[in-house]
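Work through the exercises below with the model open beside you. Try each task before reading its solution.

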Amino acid sequence: MTKATTSWLPVIGLEVHAQMQTPAKLFSAARSSSSKLSDSPNSNVALFDAAFPGTLPSLNHHCVRLAIKSALALNANINRKSWFDRKHYFYPDLPHGYQITQHFKPFAKGGFLDLTKFDGAPEEKRYRIQQIQIEQDSGKLMTPFPGSPEVLVDLNRAGVGVLEIVTEPDFNSADEVVAFMKKMQRLLWHTGVSSADMDEGVWRCDINISVKKVGSIENGVRTELKHVSKFSVVKTAIEFEVARQIALLESGQQVLQETMGLDENGHTKRLRGKEDAPDYRYMPEPDLPALIISEKLIDHVGKRLPESLDVRRDRLEKQYGLSMFHISVLMDEPGAVEYYEELTKNRDQAKTLNWLISNLFAMLNKHGIKLAACPIPPSEFGPLIDLVDNGSLSGIRGKDVLAILFDDAISGANLRRSARDIALQNDWLISQESKAESEKLLDTIIDGLIAKHANLVKEIQAGQIRKLKFFSGQVMAATKGKADPVLVDSLLKSRILPKE
């Protein structure tokens, strides 16, 4: 915070909107994977979604179970009886002229999400949840081309089940908001409530921002930043809006209650005046009965919740000795922890992790494939690691085998070859005899290098371990890159480093 702003404190609250991961929409049988950018416009629309007269909503019970999951994961109190309400506003992508949501009696109240330094938060802090409600999404407006006067309506998204999670205004910086949003998104896909794919528009957040004098009890006038879906712009947008409000107040002007959008630079701009609850003319939804949640259902869903994010992080550290960096890498990718735990069974945990993160992840990124859709299961990847680990295959050739395994898998080859089959077909397997010959050749090369660079050997033995890389490079050059780097490193250390 600059000197000009140290007397002001940002006060920020969030409204997280996450589409629920269900086959059907919230109140109709239309397909719910409607936010997929590849879907043809208006191809997943039921009569109710388009507000045809005489059509009635039918609640998707799967959405209710996902709402229970999220409430339990966020330590919220589930209302045993809640109901739906109509929120009236008129927009082309809202065919009914109202949204079915929960205003008077939401699905759950209270709750919290804790952040620690391991979550990227500036400090450990508990952020309170105000309420959780179930509601339907709107459609989508688009233009055929930039600047076109024509606006097209796509109702694929209309009626998709959305979970709205409203926080208390407990945030005082953009960094806190970013850390919270990342952990909340991770929690929702970890529990199977929502997808992790932000590029498909399944996850959005409204940010309410105000500023007040440090020490003041009363909060300032808030503005609402609508539909932020990228973590990369959150920090810039919040800091810009906070600075804008402070500049207004310090110049004697008022902050107006407004709804804000973002320009191409991630800076806030006015969209319209901010509505209050009376403007929406809320009324109970007459076509839906009250939603009654039994203790039995809550208990049934609760027993099937996965371990919490914090428990999982601590377990990975204790059980596998992983660093917080590697734990974050695994926990940031849906399915990565499960993949690693299956892959590392009866294998060296550090080597398995290295193969997974350095090689498989890199290959997936190259092809634009998420790990959840990885074409190589642990049962096929593991034997490759075993071949390298027992010396039957060099590390370099192991990467070549992985590339072929991957190409076979994504090409849809009828005959899936194993890692051993690929190595055999390419004559890459190292027999015990050839391995002995290879080590003998490497010993001869290393002996010559030690004799030639005796002074450098003394420096390494005196503690300058980094200079060992010079010898590794010389050996690889002498063998024209064909030697196994792992074997070379092992032999050099055994020959040059002092015995403990």
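## Exercise 1: The second largest pocket

The second largest pocket has 35 lining residues, and nearest its centre lie Leu-393, Ser-394, Gly-395, Ile-430 and Asp-484. The model is a predicted one.

**Task.** Find which elements give two or more residues to the lining of this pocket, then sort the lining by class.

**Solution.** 

1. Start with the elements. Those that give two or more residues to the lining are α8 (349-367), α9 (378-389), α10 (395-411), α12 (432-452) and α15 (485-496).
2. Look for the largest share. It belongs to α8, with six residues.
3. Sort by class. The lining holds 15 nonpolar, twelve polar and eight charged residues.

## Exercise 2: The whole chain

**Task.** State how many helices and strands the protein chain has, and what percentage of its residues is buried.

**Solution.** 

1. Count the elements. The protein chain has 15 helices and 17 strands.
2. Take the extent. Along the principal axes, the C-alpha atoms fill a box of roughly 90 × 60 × 55 Å.
3. Take the burial. Of the 500 residues in the protein chain, 45% are buried.

## Exercise 3: An open sheet

**Task.** Give the strand order of the open sheet of three strands, and say which strands stand at its edges.

**Solution.** 

1. Write the order. It is β5-β4-β16, and the pairing is antiparallel.
2. Find the edges. β5 (98-101) and β16 (283-284) each have a single partner strand, so one side of each has no neighbour in the sheet.
3. Check one pairing. Strand β4 (residues 85-88) and β16 run antiparallel and are joined by two bridges.
4. Asp-85 has Pro-284 in β16 as its bridge partner.

## Exercise 4: Aromatic pairs

**Task.** Count the aromatic pairs.

**Solution.** 

1. Begin with the count. There are twelve aromatic pairs.
2. Take Phe-27 and Phe-84. The cut-off for edge-to-face is over 60 degrees.
3. Phe-27 sits in the loop between β1 (8-19) and α1 (61-73), and Phe-84 in the loop between β3 (81-82) and β4, so the pair ties together parts 57 residues apart in sequence.
4. Check burial. Phe-27 is buried at 3% relative accessibility, and Phe-84 is buried at 2%.
5. Move to Tyr-127 and Phe-171.
6. Tyr-127 is in strand β8 (residues 125-136) and Phe-171 in the loop between β11 (161-167) and α2 (174-190), so parts 44 residues apart in sequence are tied together. Both Tyr-127 and Phe-171 are buried.
7. Look for a cluster. Tyr-89, Phe-104, Tyr-280 and Tyr-282 are linked into one by ring pairs.

## Exercise 5: Cysteines

**Task.** State how many disulfides a search of the whole structure finds. Then decide whether Cys-63 is buried or exposed, and Cys-374 likewise.

**Solution.** 

1. Recall the bond. A disulfide joins the sulfur atoms of two cysteines covalently.
2. Search the whole structure. The search finds zero disulfides.
3. Apply the cut-off. Buried means under 20% relative accessible area.
4. Judge Cys-63. Its relative accessible area is 0%, so Cys-63 is buried.
5. Judge Cys-374. At 16% relative accessibility, Cys-374 is buried.

Key: Residues are numbered from 1 along each chain as its sequence is written. This is a predicted model: local features need pLDDT of at least 70, side-chain atom pairs count only at pLDDT 80 or more; totals for chains, interfaces and linings use all residues. Side-chain values use heavy atoms; hydrogens and water are left out. On a 1 Å grid over the protein atoms alone, a cavity is a set of points where a 1.4 Å probe fits but cannot get out, and a pocket is an open set with protein on both sides within 12 Å along at least five of seven lines; lining residues have an atom within 4 Å of a point. Helices (H or I, at least four residues) and strands (E, at least two) are DSSP runs, numbered from the N terminus. Ala, Val, Leu, Ile, Met, Phe, Trp, Tyr, Cys and Pro count as nonpolar, Asp, Glu, Lys and Arg as charged, and the others, Gly among them, as polar. A disulfide is a pair of cysteine sulfur atoms within 2.5 Å. Buried means under 20% relative accessible area, exposed over 50%, partly exposed in between (1.4 Å probe, protein chains only). Two strands pair if DSSP finds at least two bridges between them. Rings of Phe, Tyr and Trp (its six-membered ring) pair if their centres lie within 6.5 Å; planes under 30 degrees apart count as stacked, over 60 as edge-to-face and the rest as tilted.
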